Amino acid sequence: MKYLSEFRSPEIVHALLGEIKSVAKGEWNIMEVCGGQTHSLVKNGILNMLPATVRMIHGPGCPVCVTPVNLIDKAVHLATEKEVILCSFGDMIRVPGSGMSLLEAKARGADVRILYSPLEAVKIARENPDREVVFFAVGFETTAPANALSVIHAQREGLKNYALLASHVLVPPAIEAVLNDPLSHINGILGAGHVCAIMGMEEYYPLVDQYKVPIVITGFEPVDLLEGILMTVKQLEAGEAKLENQYARIVKTEGNLKAREIISEVFEVADRQWRGIGVIPRSGYSLKEKYALYDVEKKFIINIPTEQENPECIAGEIMKGIKKPVQCQHFGKKCKPSSPLGAPMVSSEGACAAYYHYTSYLEKTVAT
Amino acid sequence: MPKLDFDIITLGHGSGGTLTNQLLDSGVFKLLGNELLDKRHDGATFQLNARVAMSTDSFVVSPIFFAGGNIGDLAVNGTVNDLAMCGAIPKYLSLSFILEEGLKMEEFWEVLVAIKTACEYAGVQVITGDTKVVERGKGDKIFINTTGIGEVHPQASIDPLRVITGDKIILSGPPARHGVAIMSLRQGLEFETSITSDTRPLHKIILQLLDTFGAEIHLLRDPTRGGISTVLNEIAKYGPNGIEINEHAIHIEEEVAGACEMLGLDPLYVANEGLFIAVVHANAADAFLQQLQQWQHGAKAAIIGEVVVDHPGQVIMNSNIGGRRVINMLSGEQLPRIC
């Protein structure tokens, strides 16, 4: 496939691996921020091809994994008790709430629909004027523009039966939270390419300056990842800490201005609770007051108890890169995709899911 | 389509009374009639002169019409293929409908015509059947169950226990067409594609291969739900061996690869309806592949891997770039992803 096969070329991959091996003198821990990158590393078998001195730490960039249990409970409550049509991206529906997942709610008769686009939810609202339609708006900066656009469309059409259950989170505050954690030992960072395609590069300069950690904005294919790792290792060996852009074919310095404009029309930055990590100040988006009509939190009165996360799940440590999935005593035993203790086991970008699906035979080598 | 007094299916069509008879007379018997079915008895009696294979399958696909076929030919080909995977020559089918009240008669007719065509193409006869109607909302237009009976090829010796170290794994063509064709029509995913389902009967090529290679063919499986990955895992779990496959040997059509990329699906887990995996003795594998490639749908057939002593019970794939990873069974349904 044009524009993909080039980035999966075995020859280029081997050349890059050779260069990484010759450049890497010290021992380095590099965190790939995005869960999509984690999956690509594991799925392509890259973790086992890197020299042992270059260790990949899996970051917090899985939006499904960091969505707090209380929001899932709210979604389940809306679908089961308020009888709304609850629309969601597919990843979200297997994630366990404190009582049940959306998938279980669906099996018990709730109207839960899996969509690819929030605009499809607006269409459902238009076609079902007597039903309330809620879109479970989960994601990092990448999905925010489309979710914001759905609100703009609903408003333009005068639809009053459409609302967002917004759980948007932002990457830079998450990187900061990880770097501030005394248990994390991260030397360099692969930035999340698609997030930067929307937001641009500006907000990463202060991180590089403050924490003296190189950040290389990186894509998702094997060649992208290895090139990003090489660029990071080169900086580390040279004692540098710069912001670089490996994914320049997609990421522009200023990002996607139109998308950013749509985001700031609908959303404002707010504090957010992260599953397993806690509240991170100014780390997510909430709907602006002028769009209150489309905000589930303001439209519905939801009285449900705030449940604690399952204490057996070490998602927080996994997402801060302190532990690998195979270091969890429940991994593959009590916790599996069919009976998850936490979100990282069922999200398509979750580190635990990546390890479960692709590495059971190789887990000993990956765990080191 | 014949001229009828009704244009939709009603509960009365499943009552067993006059309306049921009208429906059957107007359609099913006329289209599918044969000596055994025409007796209209509670069941059919017949003689078979060989070892017998039997298989059953229910079809609930939604939507019922898709690019490359509909639920009717799927229901015939599905059971024909299950018999073929047993090394059997399909002979007879039972055909049971569960229809939802309100189903348009023209849709039912189109399904029936597809069943007739598929039966003729596959050389099987429907010899008994049943029709029930459920209230609107209790079904999804039409569900079909077919059960098939076939005579096992005299040289066939298909048995999971015959899989041995060194056997080659052969895939008959490019995967994931059926699943992608269906997904492209589901609500919320509508996208334009020219990808059609690969639904087709496989028994003719299987019987030709059995004529030539007989007991050298140790196992046959068609990777329908759960795709290639799930079947390979099932094969690995039958015995004391592991399976190793090579990503570069699996030909994935460009349009299918593109659609899967866009939908966040792994083609190795997507359903097929006209594909098979053969586990063949190493000595016969090259000749088997050569003959398979002569088949009109076999040009892209390939040896994709082999049965190994290492990692018993597990399927390991050598990735295109030289890495290795486990291929697990699909857990739950493949779901579209966020980003």
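Me: Into which domains is chain B divided?

Reply: Domain bounds come from an automatic or database domain assignment. Chain B has domain 1 (11-152) and domain 2 (160-327). This is a predicted model: local features need pLDDT of at least 70, side-chain atom pairs count only at pLDDT 80 or more, and totals for chains, interfaces and linings use all residues. Residues are numbered from 1 along each chain as its sequence is written, while chains are lettered from A and ligands numbered from 1 in the order in which they are written.

Me: What separates the centres of domain 1 and domain 2 of chain B, and how many residues does the contact take from each?

Reply: The centres, taken over C-alpha atoms, are 28 Å apart. Two residues are in contact if their C-beta atoms, placed from the backbone, lie within 7 Å. On that basis, domain 1 of chain B brings 20 residues and domain 2 of chain B brings 19.

Me: Which elements supply the side of domain 1 of chain B that touches domain 2 of chain B?

Reply: Start with the naming. Helices (H or I, at least four residues) and strands (E, at least two) are DSSP runs, numbered from the N terminus. Helix 2, strand 4 (88-100) and helix 3 of chain B each supply at least two residues of that side. Helix 2 of chain B gives the most, with 9 residues.

Me: How do the residues of that side of domain 1 of chain B divide?

Reply: Ala, Val, Leu, Ile, Met, Phe, Trp, Tyr, Cys and Pro count as nonpolar, Asp, Glu, Lys and Arg as charged, and the others, Gly among them, as polar. The side of domain 1 of chain B that touches domain 2 of chain B has 13 nonpolar, 6 polar and 1 charged.

Me: At what angle do helix 2 and helix 3 of chain B pack?

Reply: Two packed helices are described by the angle between their axes and the distance between the axes. Axes are lines fitted to C-alpha atoms, for helices over the stretch in contact, and angles run from 0 to 180 degrees between N-to-C directions. Helix 2 (residues 71-85) and helix 3 (residues 105-122) of chain B pack at about 30°, with their axes 6 Å apart. So helix 2 of chain B is roughly parallel to helix 3 of chain B. Angles under 35 degrees count as roughly parallel, over 145 as roughly antiparallel, 65 to 115 as roughly perpendicular and the rest as oblique.

Me: Is the crossing of helix 2 and helix 3 of chain B left-handed or right-handed?

Reply: A crossing is left-handed if the near helix is turned anticlockwise from the far one by less than a right angle, and right-handed if clockwise. Helix 2 of chain B passes helix 3 of chain B in a right-handed crossing. Among the residues that meet are I71(B), V76(B) and V80(B) in helix 2 of chain B, and V111(B), I115(B) and A122(B) in helix 3 of chain B. This contact has 11 nonpolar, 3 polar and 1 charged residues.

Me: Now chain A. What are its domains?

Reply: Chain A is divided into domain 1 (1-311) and domain 2 (315-367). Their C-alpha centres lie 18 Å apart. In the contact, 31 residues of domain 1 of chain A meet 24 residues of domain 2 of chain A. Helix 2 of chain A gives the most to the domain 1 side, with 6 residues.

Me: At what angle do helix 2 and helix 15 of chain A pack?

Reply: Helix 2 and helix 15 (residues 351-358) of chain A pack at about 15°, with their axes 9 Å apart. Helix 2 of chain A is therefore roughly parallel to helix 15 of chain A. Their crossing is right-handed. Contact residues include T38(A) and V42(A) of helix 2 of chain A, and A354(A) and Y358(A) of helix 15 of chain A.

Me: What is the strand order of the open sheet in chain A?

Reply: Two strands pair if DSSP finds at least two bridges between them. The open sheet has 6 strands in the order 4-3-5-6-11-10 (chain A), with mixed pairing. Strand 4 (112-114) and strand 10 (267-274) of chain A stand at the edges, each with a single partner strand, so one side of each has no neighbour in the sheet. The twist averages 25° from one strand to the next. Inside the sheet, strand 5 (residues 133-139) and strand 6 (residues 162-169) of chain A pair in the parallel sense over 7 bridges.

Me: How many residues of chain A are in contact with chain B?

Reply: 39 residues of chain A are in contact with 25 residues of chain B. The chain A side divides into 19 nonpolar, 15 polar and 5 charged.
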